[in-house]
Amino acid sequence: MNSNTLSVTQALKQRTSIRAYQSKPVPEALVREVLDAARWSPSGGNLQPWKVIVVSGAAQQAVISKAKNYPGMFPNEDADKPVYPANLWEPYRSRRFKVGEDMYELLGVPRENKVGRLTQLARNFEFFGAPVGMFFVIDTRMGHGQWAHLGMFMQSLALAATERGLSTCFQEFWGTLRTTLKTHFALGENELIYSGMALGYADESAKVNTLRTERASVDEFTTFHFD
Ligand SMILES: Cc1cc2nc3c(=O)[nH]c(=O)nc-3n(C[C@H](O)[C@H](O)[C@H](O)COP(=O)(O)O)c2cc1C
């Protein structure tokens, strides 16, 4: 390992969701390199149940304008596969609430400022200014296992990006536009866009990027049977 290379643990800790980017472009070759590392992710039966769409430049702008020109307020094309289960229970409900409140506090957008909060939410549809956007596609005939394996691929990708000084933000929010995107990208009958991702160089001066989320301790989610 050369001294500039992050260890896996360092990359795990350094990766955070970045929601403001420099306009500095990310060369296609670098994106390919990140994907080339992530493809070594494991999957049950080695199915490799992932497909990726990468957009930059005019292709990215086309997607952004699809989202921006969507009739009405926000799209709702994820109704059959909502991001969270209904009536989220504890401790998940509080965790979700906390990350939202912490982020809006950093941005100085209080609860009452509904417009301000919706404006920030809408930044998802600009990939938060990142010069590269990605979409993760899964075949709807796949089962829960393959969804999990897609998730492993996504994390590998984020870590490989981190190793190269790039930042990311997964964006399931793009799922709200998945029917429109399916047509836009001429996806197959059974293909579904699970999540998007922003990829680029972090704007280090942006306050929103100082958000650090918490995690439960090992003992809160692990039962050890060692005797
Ligand atoms: C699959 C997935 C989808 C996500 N979708 C969004 C999203 O649409 N918009 C957003 O701002 N953050 C999104 N996030 C980021 C989470 O809020 C974030 O990972 C979590 O709060 C932990 O913070 P950290 O990534 O900074 O460690 C998503 C994360 C994952 C794993």
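**View 1. Shell around the ligand, by residue class.** Ala, Val, Leu, Ile, Met, Phe, Trp, Tyr, Cys and Pro count as nonpolar, Asp, Glu, Lys and Arg as charged, and the others, Gly among them, as polar. By that scheme, the shell holds six nonpolar, five polar and four charged residues. The model is predicted: local features need pLDDT of at least 70, side-chain atom pairs count only at pLDDT 80 or more, and totals for chains, interfaces and linings use all residues. Residues are numbered from 1 along each chain as its sequence is written, and side-chain values use heavy atoms, with hydrogens and water left out. In total, 15 residues surround the ligand (a heavy atom within 4 Å). Ser-17, Arg-19, Glu-172, Phe-173 and Arg-215 are the closest. Strand S3 (residues 167–171) contributes the most to this shell, three residues. Strands (E, at least two residues) and helices (H or I, at least four) are DSSP runs, numbered from the N terminus.

View 2. A polar side-chain atom of Arg-19 is 2.7 Å from a ligand oxygen. For Arg-15, a side-chain N or O atom lies 2.9 Å from an oxygen of the ligand. Phe-173 uses its backbone: a polar atom there is 2.9 Å from a ligand oxygen. The ligand alone exposes 620 Å², and the protein buries 73% of that (Shrake-Rupley method, 1.4 Å probe).

**View 3. Aromatic pairs.** The structure holds 13 aromatic pairs. Rings of Phe, Tyr and Trp (its six-membered ring) pair if their centres lie within 6.5 Å; planes under 30 degrees apart are stacked, over 60 edge-to-face, the rest tilted. Trp-89 and Tyr-92 pair edge-to-face, at 5.9 Å centre to centre and 85° between planes. Phe-224 and Phe-226 have centres 6.0 Å apart and planes at 70°, so this pair is also edge-to-face. Relative accessible area is 46% for Trp-89, partly exposed. Phe-226, at 74%, is exposed. Buried means under 20%, exposed over 50%, partly exposed in between (1.4 Å probe, protein chains only).

**View 4. A ring cluster and a charge over a ring.** Ring pairs join Phe-74, Phe-125, Phe-127, Phe-135, Phe-173, Trp-174 and Phe-185 into a cluster. Elsewhere, the charged end of Lys-24 sits over the ring of Tyr-201, 4.1 Å from its centre. The criterion is NZ of Lys or CZ of Arg within 6 Å of the ring centre and within 35 degrees of the ring normal.

Definitions and conventions:
Polar contact = N/O pair within 3.5 Å; in protein donor to acceptor, adjacent residues only side chain to side chain.
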